[in-house]
Amino acid sequence: MYADSELRDTIASCELILGGQKSGKSRRAEMLARKWLAQCDAHRASLIATGCAWDDEMRERIARHQRDRAARVPGLATLEEPRDVAQMITAHSRAEHLLVVDCLTLWLTNWLMPAESAGQSEGGWAAQCALFVDAVRDAPGPIILVGNEIGLGVIPMGREVRAFVDALGMLNQQVAAASTRVTLMVAGLPLPLKDKA
């Protein structure tokens, strides 16, 4: 456990924030971005949004997130990139520029779903994942990565869903290894898993 909340809320060079649905992952990322922006006038922050508006509900969800984010962290710019996130990190990471990637799970979904095309995208996904991990390791500025931890429940019945859960578990492991800090969010509370910040 952290000795105090101030240490827990410092900005790491790379923090992976994992958790379930509505666990407080994005809120923590936003709080850290707000803190970064308040530290220095020269600091900048951008969110790389990976979600795609597949239907009306998702369009409304994205619009609501954009409104809420603008109110909570006015200086946080938004960059939309559903697939080539490694390139976005390479293009935008600077020592004074914090990047938030939200979220890794939707990014994986964009590569492996719909399930019918998963086999065709698998080779592309493996290469993209390797590029992403390299981009994270080489980034000159701080990065906050947000993703879901979905492997704690029952084993899914469908082959495609099991393959997706496995791929997400492997992605989370690789990104955790490349991160200096890993935080698990549970009921809005940050639980430290790794801290080499």
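Helices (H or I, at least four residues) and strands (E, at least two) are DSSP runs, numbered from the N terminus. Residues are numbered from 1 along each chain as its sequence is written. The model is predicted: local features need pLDDT of at least 70, side-chain atom pairs count only at pLDDT 80 or more, totals for chains, interfaces and linings use all residues, and side-chain values use heavy atoms, with hydrogens and water left out.

**Stop 1: the sheet**

Colour the strands. Seven of them make an open, mixed sheet, in the order S3-S2-S4-S5-S1-S6-S7. Two strands count as paired if DSSP finds at least two bridges between them. Now pick out the edges: strand S3 (76-80) and strand S7 (189-195), each pairing on one side only. From one strand to the next, the twist averages 20°. Axes here are lines fitted to C-alpha atoms, for helices over the stretch in contact, and angles run from 0 to 180 degrees between N-to-C directions.

**Stop 2: two parallel pairs**

Select 14-19 and 181-186. These are strands S1 and S6, parallel over five bridges. Zoom to Gly19; its bridge partner in S6 is Met185.

Next, select 44-49, which is strand S2. S2 pairs with S3 in the parallel sense, over five bridges. Look for Ala45 and its bridge partner in S3, Leu76. Then follow the chain from S2 through helix H3 (residues 56-72) to S3: this β-α-β crossover is right-handed. That term means that, with the strands pointing away from the viewer, the path from the first strand over the helix to the second runs clockwise.

**Stop 3: a helix across the sheet**

Show helix H5 (residues 104-112). H5 lies across S1, strand S4 (97-102) and strand S5 (143-148), and runs at about 65° to S5. Contact means heavy atoms within 4.5 Å.

**Stop 4**

Step to Cys103, in the loop between S4 and H5. The peptide bond from Asp102 to Cys103 is cis, with omega near 10°.

Lys22 is not a glycine, yet its phi is positive, about 55°.

**Stop 5: the largest pocket**

Select Ser26, Arg61, His65, Asp102 and Leu106. Of the 34 residues lining the largest pocket, these lie nearest its centre. The pocket holds about 880 Å³ of space. On a 1 Å grid over the protein atoms alone, a pocket is an open set of points with protein on both sides within 12 Å along at least five of seven lines, a cavity is a set where a 1.4 Å probe fits but cannot get out, and lining residues have an atom within 4 Å of a point. Grid points are joined across faces, edges and corners, and a volume is the space filled by probe spheres set on the points.

Which element gives the most to this lining? H3 does, with ten residues. Helix H2 (25-39), S2, S3, H5 and S5 are also among the elements that each supply at least two. The lining divides into eleven nonpolar, eleven polar and twelve charged residues. Ala, Val, Leu, Ile, Met, Phe, Trp, Tyr, Cys and Pro count as nonpolar, Asp, Glu, Lys and Arg as charged, and the others, Gly among them, as polar.

**Stop 6: the cavity**

A search of the whole structure finds one cavity of 30 Å³ or more. Select its lining: Ser26, Ala29, Glu30, Leu47, Arg69, Leu76, Val100 and Asp102. H2 and S4 give two or more residues each. The largest share, three residues, comes from H2.
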